Amino acid sequence: QVPEGFYTITPGQMNPNSAYYLSFNVGYPNAFDRAHGYTGGAIMVHGACSSAGCFSMTDDQIAEIYAITREAFGGGQRAIQMQSFPFRMTPENLAKHRLDPNMAFWKQLKEGNDHFEVTQKEPRVAFCGRRYVFNAAPGDGQNMDVNGACPPLRHNPEVALAVAEKADQDNRKVAELANNGVKAVRLVYQDGGQHPSFSSRVAEVSRPETLTPPTEIALDDRAAKTTSD
């Protein structure tokens, strides 16, 4: 399983001599991951069509990604942000996965995605209170500690209002979809996950059977509520 979150890519993480054509290190674990006891490392974005816990992009796609990243660094950019989500943060997907035990964490990631959607700029990422904080600075000049309580935070009021309005609109849409019969589901994969575009590249995949689409198992909202009561 690949990590989900916001990660920083720097020039030192680029590997032009990768065994998988080209690659770069994601930078996992970040401060959030370490605060929650997640360990490991060497999570890469690379070429080829198969992987074991990394992000396999195909050679053509990694060539394009690598070239854009290299040009950005060559132009003076010091770091690039990588955003890793479980799915596109649409109301439709949030409605389908609303009973997933990871939803509280995914809503943190959605907040960062909402900041990006509203501003069309990568959000400034910080950590406090063992959670992500986006486009915020401590109001009293203190440093933010991932394991410590969050100090009073300052936000751009226009951005904060726009993000809150988007979140409220999306939440209403999720509730509407659920009330109109969109089933909550759990996805069961053969082994990991593959983008549907890989289905035409069977000859390049080490385990073609994993290209089978995931099975959707419908969940019962009422049973979930009874269990949590």
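Some conventions before the structure. The model is predicted, so local features need pLDDT of at least 70 and side-chain atom pairs count only at pLDDT 80 or more, while totals for chains, interfaces and linings use all residues. Residues are numbered from 1 along each chain as its sequence is written, and side-chain values use heavy atoms, with hydrogens and water left out.

I begin with the chain as a whole. The secondary structure comes to 6 helices and 12 strands; these are DSSP runs, H or I of at least four residues for helices and E of at least two for strands, numbered from the N terminus. Of the 229 residues, 35% are buried, where buried means under 20% relative accessible area, exposed over 50%, and partly exposed in between, with a 1.4 Å probe and protein chains only. A contact here means heavy atoms within 4.5 Å. Among contacts with a separation of 6 or more, 52% join residues 24 or more positions apart.

Next, the cores. A nonpolar core is a set of buried Ala, Val, Leu, Ile, Met, Phe, Trp, Tyr and Cys residues joined through side-chain atoms within 4.5 Å. The largest one has 17 residues, and the members touching the most others are Met89, Leu94, Phe105, Trp106, Leu109 and Tyr132. Two or more residues come from each of helix H1 (31-35), helix H3 (91-96), helix H4 (103-119), strand E8 (131-134) and helix H5 (157-179). H4 gives the largest share, 4 residues. A second, separate core has 16 residues, including Met14, Val26, Val45 and Phe73.

Leu94 is worth a look on screen. Neighbours within four places in sequence aside, Leu94 is in contact with Phe87, Met89, Met103, Lys110 and Val174.

Now H4 itself. Helix H4 has 17 residues and reaches 24 Å from first C-alpha to last, close to the 24 Å expected at 1.5 Å a residue; the expected span is 1.5 Å times one less than the number of residues. Its buried residues are Met103, Phe105, Trp106, Gln108, Leu109, Lys110, Gly112, Asn113, Asp114 and His115. What do the buried residues of H4 pack against? The partners are E1, H1, E6, H3, E8 and H5. Just after the helix, Gln120 takes a positive phi of about 60 degrees.

Gln108 counts as buried because its relative accessibility is 13%. Leaving aside neighbours within four places, Gln108 is in contact with Phe32, Arg131, Tyr132 and Phe134. Gln108 and Tyr132 are 24 residues apart in sequence, and their C-alpha atoms are 6.6 Å apart.

Asp114 is buried too, because its relative accessibility is 2%. Not counting residues up to four places away, Asp114 touches Val163, Lys166, Ala167 and Asp170. From Asp114 to Phe134 the C-alpha distance is 9.9 Å, at 20 residues apart in sequence.

On to H5. This helix has 23 residues and reaches 33 Å from first C-alpha to last, close to the 33 Å expected. Val159, Val163, Asp170, Val174 and Leu177 are buried in H5, and the buried residues of H5 pack against H3 and H4.

A pocket is found on a 1 Å grid over the protein atoms alone, as an open set of points with protein on both sides within 12 Å along at least five of seven lines; lining residues have an atom within 4 Å of a point. The second largest pocket has a volume of about 280 Å³, a volume being the space filled by probe spheres set on the points, with points joined across faces, edges and corners. H4 and H5 are the elements giving two or more residues to its lining. The lining includes Leu94, Lys110, Asp114, Val163 and Val174.

Last, helix H2 (residues 59-74). H2 has 16 residues and reaches 22 Å from first C-alpha to last, close to the 22 Å expected. Ile62, Tyr66, Thr69, Ala72 and Phe73 are buried in H2. Those residues lie on the same side of H2 because they cover an arc of only 125 degrees around the axis, taken from the directions from the helix axis to the C-beta atoms. The face turned away from the buried side carries the exposed residues Asp60, Glu64, Ile68, Glu71 and Gly74. The buried residues of H2 pack against strands E1 (5-9), E2 (14-15), E3 (23-25), E4 (44-46) and E6 (80-84). Just after H2, Gly76 takes a positive phi of about 110 degrees.

Methods:
On a 1 Å grid over the protein atoms alone, a cavity is a set of points where a 1.4 Å probe fits but cannot get out, and a pocket is an open set with protein on both sides within 12 Å along at least five of seven lines; lining residues have an atom within 4 Å of a point.
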